[in-house]
Amino acid sequence: MKIIITGICGFVGSSLAKALIDDNNEIIGIDNFCRAGSWLNKESLQKLDIQIIYGDIRNASDVDTLPKADWLIDAAANPSVLAGIDGKTSSRQLIEHNLQGTVNILEYCKRHQAGFTLLSTSRVYSIKGLSHLNVIKKNGAFQPLIDQNTPTGITAKGVTENYSTQPPVSLYGSTKLTSEHLALEYGYTFDFPVWINRCGVLAGASQFGHPTQGIFAYWIHSFREKRPLKYIGFGGQGYQVRDCLHPRDLVSLLQKQFSEPLHCPPRIVNLSGENSMSLRQLSEWCESRFGPNKIDKTTEERPFDIPWMVLDHTLASETWNWQPKTPIKEILTEIANFADSHPDWLSISQR
């Protein structure tokens with residue numbers, strides 16, 4: 001199978017490319033190298049006979065020149081929930097990256113009848129219900145109270161696909177949710193397969209360290225280098241919880257989706273789930289590995305912050321017999337080992 005991966009030199013794109021090439025697929029990637037450090041992945045991918053095309057999916061002419069393929073995986077995005085409001089990127093840039101790029105890709109799939117996989121995010125889910133959950137502090141982490149009238153779609157296992165996607169979800173979340181809708185409409189209208197995989201925090205070795213994009217990698221690298229860290233909001237205690245998923249755990253699901261019939265439901269599934277941890281628990285793990293580091297705290301509340309986000313992947317498990325295989329502590333150890341062997345990684349990836 002010939003597969004195109006957008007954002008191939010990013011952490012997720014390069015991880016998927018290296019895994020999928022082992023199945024004797026032909027992999028072609030496109031990347032504009034706007035992410036600091038992404039150029040470091042180019043040589044290792046090319047050594048695997050993966051073709052790398054310099055291009056920007058925001059430009060229709062760049063996408064139009066891509067060769068015909070059987071499938072396209074969209075791993076290109078600005079994944080920061082603060083994008084467009086942090087003063088470092090504009091809202092227009094965010095929309096062009098995450099939405100206009102999707103339109104160009106879908107036109108490509110329409111033209112070549114290529115299957116399409118969108119790597120989406122847990123941030124498409126409505127902030128209001130999550131921010132108003134009644135939570136308790138247990139073992140250094142927030143945990144939703146069992147005895148409460150939770151919104152539809154939130155279970156003891158986490159957030160399901162039935163939970164609300166009504167605004168606010170952040171500008172970033174809105175671009176991904178709109179991309180999902182467009183992808184489904186294109187697939188139904190022009191008769192090509194579309195799958196949407198909503199992921200938690202993707203993490204692993206060689207991930208570029210940025211606090212709003214890969215918090216687990218950023219925290220571990222920063223802790224090791226004794227860089228200043230800070231618990232923000234929710235009392236400044238670091239109890240907020242996120243789930244974690246290694247990109248390689250996506251591969252078995254992608255392989256099944258490649259071969260599924262065109263109109264086999266469901267089209268949208270949550271991935272991640274039981275691999276979850278609070279920042280405080282992550283700090284305790286880091287301290288056991290690297291020794292102590294000072295962590296400041298602030299009660300500053302930021303828009304779009306939520307106390308707890310864990311996805312319920314029951315639908316993916318029941319439909320595809322899928323579940324994450326890499327335990328969170330194995331992911332953390334992988335990142336830490338990489339940090340030991342790349343002591344300047346934060347400096348490189350934050351240029």
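# A guided tour, starting at a pocket

The lining of the second largest pocket divides into 8 nonpolar, 3 polar and 2 charged residues. Here Ala, Val, Leu, Ile, Met, Phe, Trp, Tyr, Cys and Pro count as nonpolar, Asp, Glu, Lys and Arg as charged, and the others, Gly among them, as polar. A pocket is an open set of points on a 1 Å grid over the protein atoms alone where a 1.4 Å probe fits, with protein on both sides within 12 Å along at least five of seven lines; lining residues have an atom within 4 Å of a point.

Before you click on: this is a predicted model, in which local features need pLDDT of at least 70 and side-chain atom pairs count only at pLDDT 80 or more, while totals for chains, interfaces and linings use all residues. Residues are numbered from 1 along each chain as its sequence is written, and side-chain values use heavy atoms, with hydrogens and water left out.

**Stop one: the pocket.** The second largest pocket holds about 190 Å³ of space, a volume being the space filled by probe spheres set on the grid points, which are joined across faces, edges and corners. Select Phe142, Gln143, Val241, Ser276 and Trp308, the closest to its centre of the 13 lining residues. Two or more lining residues come from each of β7 (141-144) and β15 (276-278), and β7 gives the most, with 4 residues. Strands are DSSP runs of E with at least two residues, helices are runs of H or I with at least four, and both are numbered from the N terminus.

The structure holds 10 aromatic pairs, where rings of Phe, Tyr and Trp (its six-membered ring) pair if their centres lie within 6.5 Å; planes under 30 degrees apart count as stacked, over 60 as edge-to-face and the rest as tilted. Phe142 sits in β7 and Phe234 in the loop between β12 (229-232) and β13 (241-245), so the pair ties together parts 92 residues apart in sequence.

Now select Trp195 and Trp320, an edge-to-face pair with 5.1 Å centre to centre and 85° between the planes. Trp195 is in strand β10 (residues 194-199) and Trp320 in helix α10 (residues 314-320), so the pair ties together parts 125 residues apart in sequence. Trp195 is buried at 0%, and Trp320 is buried at 5%.

**Stop three: the backbone.** Most residues other than glycine have a negative phi, and most peptide bonds are trans. Go to Pro167 and Pro168, joined by a cis peptide bond with omega of about 5°. Pro168 lies in the loop between β9 (158-159) and α6 (171-190). Ser170 is in the loop between β9 and α6 too, with a positive phi near 95°, and is buried at 4% relative accessibility. Then pick Ser206, where phi is also positive, near 75°, in the loop between β11 (201-202) and α7 (215-224).

**Last stop: cysteines.** With a disulfide taken as a pair of cysteine sulfur atoms within 2.5 Å, the count comes to 0. For Cys34, the nearest cysteine sulfur is that of Cys9, 11 Å away. Cys34 is exposed at 54%, whereas Cys286 is buried at 0%.

How values were computed. Buried means under 20% relative accessible area, exposed over 50%, partly exposed in between (1.4 Å probe, protein chains only).
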